[in-house]
Amino acid sequence: MKRNSSGDNYVSYEIGALTLTSLRDGYVDMPTTRLRQPGNKVFGDGLPRQVRLVDGNLRLSVNAFALDDGTDVTLVDTGASNAWLDSMGLLPQALREANIAVDRIRTIAFTHTHIDHINGLILPDGQDAFPRLSRLLVPKEELDMFRAEARLQRFHERAETFEAGERIGANIEAMAAHGHEVGHTCFRITSGGESVLAWGDIVHVPSIQFEQPEITWEFDGDQEQARASRLRMMALAADNMYYVAGAHLDSPGVGRIARSRTAFRFEPL
Ligand SMILES: [Zn+2]
């Protein structure tokens, strides 16, 4: 896998015969108390020094990923649009910069149904962001959650479900990585003998969770299961030389994972 082109809000990579583009929707700042030690304990004054802060907060990138097979484009997650904070909602601009026409996006697959992943279906002005969308794929366990998002009401009946283990495209396989949410999914994208895991919210705070993967996030629905999924996906990527593409890794959020003395290390590409 190698870098193709880049701009302010995107980076494109070649993987086999495919193009994977990281699209920057923006960022969200969160208090450090969202980080949890085993036992669901906050850090308080004992916050490890390596945790990177911006004005006292954790700054999480918000990224989506587009996979172009030369015919159609599949989008993994869609950012927050105007449903949360002003620091997000750049996805349409990122797509323009990357020269990805929105009417080529025919399939959208969600890693899970939290607001910063699904709301990009609708632009701030209320129009559909993807006028030729034909498949809207939601993890089976989260269909009800998706249908509870009032802002996306006109998409509720269009959602199709998928299950872990299913292929959702010629080059894309859904893998269970439950814990952060009940249907949280990683997508393994493979071409030309290389693979990249579009792994959603396996990591929220890269400055500490690679080195200490036991640390969880307040919004992990099931802390123990989220921890186990993180360890499993990191090991899978490290041991098979998979690249990863993370929704909250620092933009563009693509790279390799190596085992380190203590746990793992992220090597951005
Ligand atoms: Zn998220």
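The four donor atoms around the zinc ion form an irregular arrangement, because the angles that the 4 donor atoms subtend run from 84 to 167 degrees.

The model is predicted: local features need pLDDT of at least 70, side-chain atom pairs count only at pLDDT 80 or more, and totals for chains, interfaces and linings use all residues. Residues are numbered from 1 along each chain as its sequence is written, and side-chain values use heavy atoms, with hydrogens and water left out.

## The zinc site

Four residues coordinate the zinc ion at 2.1 to 2.7 Å: Asp 116 (OD), His 117 (NE2), Asp 201 (OD) and His 248 (NE2). Donors here are N, O and S atoms within 2.8 Å of the metal (3.2 Å for Na, K and Ca); water is not among the atoms, so sites may look incomplete. Helices (H or I, at least four residues) and strands (E, at least two) are DSSP runs, numbered from the N terminus.

## Accessibility of selected residues

Buried means under 20%, exposed over 50%, and partly exposed in between (1.4 Å probe, protein chains only).

| Residue | Relative accessible area | Class |
|---|---|---|
| His 117 | 1% | buried |
| Asp 201 | 4% | buried |
| Asp 77 | 3% | buried |
| Ser 81 | 7% | buried |
| Asp 128 | 30% | partly exposed |
| Asp 55 | 77% | exposed |

## The nonpolar core

The largest nonpolar core has 27 residues, and Leu 23, Ile 108, Leu 121, Phe 130 and Phe 146 have the most contacts inside it. Such a core is a set of buried Ala, Val, Leu, Ile, Met, Phe, Trp, Tyr and Cys residues joined through side-chain atoms within 4.5 Å. Two or more residues of this core come from each of strand E5 (58-68), strand E6 (73-76), helix H1 (91-97), strand E7 (105-109), strand E8 (135-139) and helix H3 (143-147). H1 provides the largest share of the core, with 3 residues.

## Pocket and cavities

The largest pocket has a volume of about 210 Å³. It is lined by 15 residues, of which Arg 52, Val 54, Arg 59, Leu 60 and Asp 250 are the closest to its centre. Strand E3 (18-30), E5 and H4 are the elements that each give two or more residues to the lining, and E5 gives the most, with 4 residues. The lining of the largest pocket divides into 7 nonpolar, 4 polar and 4 charged residues.

There are 3 cavities of 30 Å³ or more, and the largest cavity has a volume of about 40 Å³. Its lining consists of 5 nonpolar, 4 polar and 1 charged residues; among them are Asp 25, Ser 81, Gly 89 and Leu 91. Ser 81 is placed in the loop between E6 and H1, and its C-alpha atom is separated by 8.1 Å from that of Asp 25, 56 residues apart along the chain.

On a 1 Å grid over the protein atoms alone, a cavity is a set of points where a 1.4 Å probe fits but cannot get out, and a pocket is an open set with protein on both sides within 12 Å along at least five of seven lines; lining residues have an atom within 4 Å of a point. Grid points are joined across faces, edges and corners, and a volume is the space filled by probe spheres set on the points. Ala, Val, Leu, Ile, Met, Phe, Trp, Tyr, Cys and Pro count as nonpolar, Asp, Glu, Lys and Arg as charged, and the others, Gly among them, as polar.

## Backbone features and loops

The peptide bond from Ser 251 to Pro 252 is cis, with omega near 5 degrees. Pro 252 lies in the loop between strand E15 (243-246) and strand E16 (254-259).

Although Asp 55 is not a glycine, its phi is positive, at about 50 degrees. Asp 55 lies in the loop between strand E4 (35-36) and E5. Asp 77 is not a glycine either, and has a positive phi of about 70 degrees. The loop between E6 and H1 holds Asp 77.

Asp 128 lies in the loop between H2 and E8. The C-alpha atoms of Asp 128 and Gly 89 are separated by 14 Å, and the two residues are 39 residues apart along the chain.

How values were computed
Four donors count as tetrahedral if all angles lie between 85 and 135 degrees; four count as square planar and six as octahedral if opposite donors are over 155 degrees apart and all others between 65 and 115; anything else is irregular.
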